[in-house]
Amino acid sequence: MNLKQVQKKFGTHEKCVSYLEKLRWGKTVRCAYCESTRVIKAKSEKGRYKCYDCNKSFSVLVGTIFQDSKLKLNDWFLITVLVLNAKMGISSKAISRQTGIPLKTCWLTSMKIRCAMIDKKTELHGVLQMDESYFGSSPEKKITKNTPLNSPVLSTVYEKRGRGTKKTAVVGIVETGGSVKTKIIDKLTTRNLMAMLKKYVKTDESVLVTDGFRSYAKMDEAIEHITVKHKEKTKGGLNTNTIEGYWSIIKNGIKGNYRALSKKYLPFYLVEYDYKYNRRNKTQAMFEEFIANALTDESCMLNYKPIGDTKEVIYG
Ligand SMILES: [Zn+2]
């Protein structure tokens with residue numbers, strides 16, 4: 001779906017409502033509160049129904065990311081297309097410039113759109129790569145020509161890729177040629193990494209490739225596990241290049257489009273990048289699939305309460 005198509009097909013709020021009703025209910029309207037089919041069209045307002053069983057009135061928007069929004073659905077759909085089609089991400093400022101919709105509305109709407117990008121079920125299998133990356137600006141000073149060789153700055157650089165620094169650690173698991181799942185993990189302990197592995201991976205049908213970081217050492221107990229040295233080209237064709245490439249995609253995307261974002265909201269952006277990466281070969285079907293997902297009432301991230309220091313700023 002591109003901008004021209006969305007404006008032609010979903011140019012008015014009413015057209016969008018009929019589309020949502022068809023996607024959500026098919027031919028039989030069900031109460032959004034009690035699932036009863038004993039409903040009648042309300043006379044007061046088009047698109048509203050009344051339920052004989054629970055006596056509540058509802059529209060197709062109840063229990064979806066669109067509920068209680070003042071923004072017309074055609075504008076929602078327009079923003080959705082802009083977000084979905086921006087492979088590397090799009091800032092709410094850019095959305096506002098392109099649509100003329102106020103910045104605050106664009107920000108809130110695009111955050112809700114990210115909520116509907118959560119994959120309900122992730123089950124990775126095959127040859128997998130697992131790795132972590134660190135997000136955040138270094139508090140340390142930059143190294144210059146005159147930095148003494150015994151400077152503590154150099155010792156922090158020596159800590160490979162930020163292990164042991166205060167940056168935010170994100171762990172990712174990627175299938176060779178398939179999907180990815182990333183997650184912020186504050187403490188990179190074996191226990192936490194194992195929990196992520198077990199939650200998202202079919203361990204009996206997979207091989208896991210990691211680098212030699214000690215917290216991965218015990219993965220052998222749960223899955224067939226191969227360790228490759230970091231930067232080592234291949235070990236029988238096995239490496240962690242795919243996941244490392246994926247970190248570059250996210251970091252370049254954040255730097256290029258969002259510039260800086262807080263740790264509080266990083267999970268939303270990770271969801272967005274994972275979602276797009278996982279659908280990189282089926283972008284045509286993405287719009288309808290997205291809207292169908294947006295209609296389900298799993299609002300875990302809509303009710304997201306950030307933990308920790310919310311003022312901490314993350315740079316890609
Ligand atoms: Zn009802």
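Helices and strands are DSSP runs, a helix having at least four residues and a strand at least two, and they are numbered from the N terminus. In these terms, lysine 121 lies in the loop between helix H5 and strand S4, the latter spanning residues 124–135. The model discussed here is predicted.

The protein as a whole contains 10 helices and 10 strands. It has 316 residues, of which 29% are buried. Among the contacts with a separation of 6 or more, 62% are between residues 24 or more positions apart.

The account may begin with the packing of the helices. Two packed helices are described by the angle between their axes and the distance between the axes. Helix H2 (residues 13–25) and H3 have axes that come within 7 Å and cross at roughly 75 degrees. Because angles of 65 to 115 degrees count as roughly perpendicular, H2 is roughly perpendicular to H3. In this contact His13, Cys16 and Val17 of H2 meet Leu73, Asn74 and Phe77 of H3. By class, the residues of the contact of H2 with H3 are four nonpolar and two polar, with no charged residue.

Helix H3, which covers residues 73–85, also packs against helix H4, residues 92–99; their axes come within 11 Å and cross at roughly 130 degrees. This angle makes H3 oblique to H4, since an angle has to be over 145 degrees to count as roughly antiparallel and 65 to 115 to count as roughly perpendicular. The crossing of H3 and H4 is right-handed. On the H3 side the contact involves Leu78, Ile79 and Leu82, which meet Ile95, Gln98 and Thr99 of H4. The contact of H3 with H4 comprises four nonpolar and two polar residues, and no charged ones.

Both H3 and H4 also take part in covering helix H5. Helix H5 runs over residues 103–115, and its 13 residues reach 19 Å from the first C-alpha to the last, close to the 18 Å expected at 1.5 Å a residue. Its buried residues are Cys106, Thr109, Ser110, Lys112, Ile113 and Arg114. The elements that cover these buried residues include H3, H4 and helix H9 (266–278).

Most residues other than glycine have a negative phi. Glutamate 35, in the loop between H2 and strand S1 (39–41), has a phi near 70 degrees, a positive value in a residue other than glycine. With 10 other C-beta atoms within 10 Å, glutamate 35 is exposed. Aspartate 68 has its place in the loop between strand S3 (57–58) and H3. The phi of aspartate 68 is positive, about 60 degrees, although this residue is not a glycine. Aspartate 68 has 8 C-beta neighbours inside 10 Å and so counts as exposed.

Note on methods. Residues are numbered from 1 along each chain as its sequence is written. This is a predicted model: local features need pLDDT of at least 70, side-chain atom pairs count only at pLDDT 80 or more; totals for chains, interfaces and linings use all residues. Axes are lines fitted to C-alpha atoms, for helices over the stretch in contact, and angles run from 0 to 180 degrees between N-to-C directions. Angles under 35 degrees count as roughly parallel, over 145 as roughly antiparallel, 65 to 115 as roughly perpendicular and the rest as oblique. A crossing is left-handed if the near helix is turned anticlockwise from the far one by less than a right angle, and right-handed if clockwise. Two residues are in contact if their C-beta atoms, placed from the backbone, lie within 7 Å. Ala, Val, Leu, Ile, Met, Phe, Trp, Tyr, Cys and Pro count as nonpolar, Asp, Glu, Lys and Arg as charged, and the others, Gly among them, as polar. A residue is buried if 20 or more other C-beta atoms lie within 10 Å of its own, exposed if 12 or fewer, and partly exposed in between; C-beta atoms are placed from the backbone. The expected span of a helix is 1.5 Å times one less than its number of residues.
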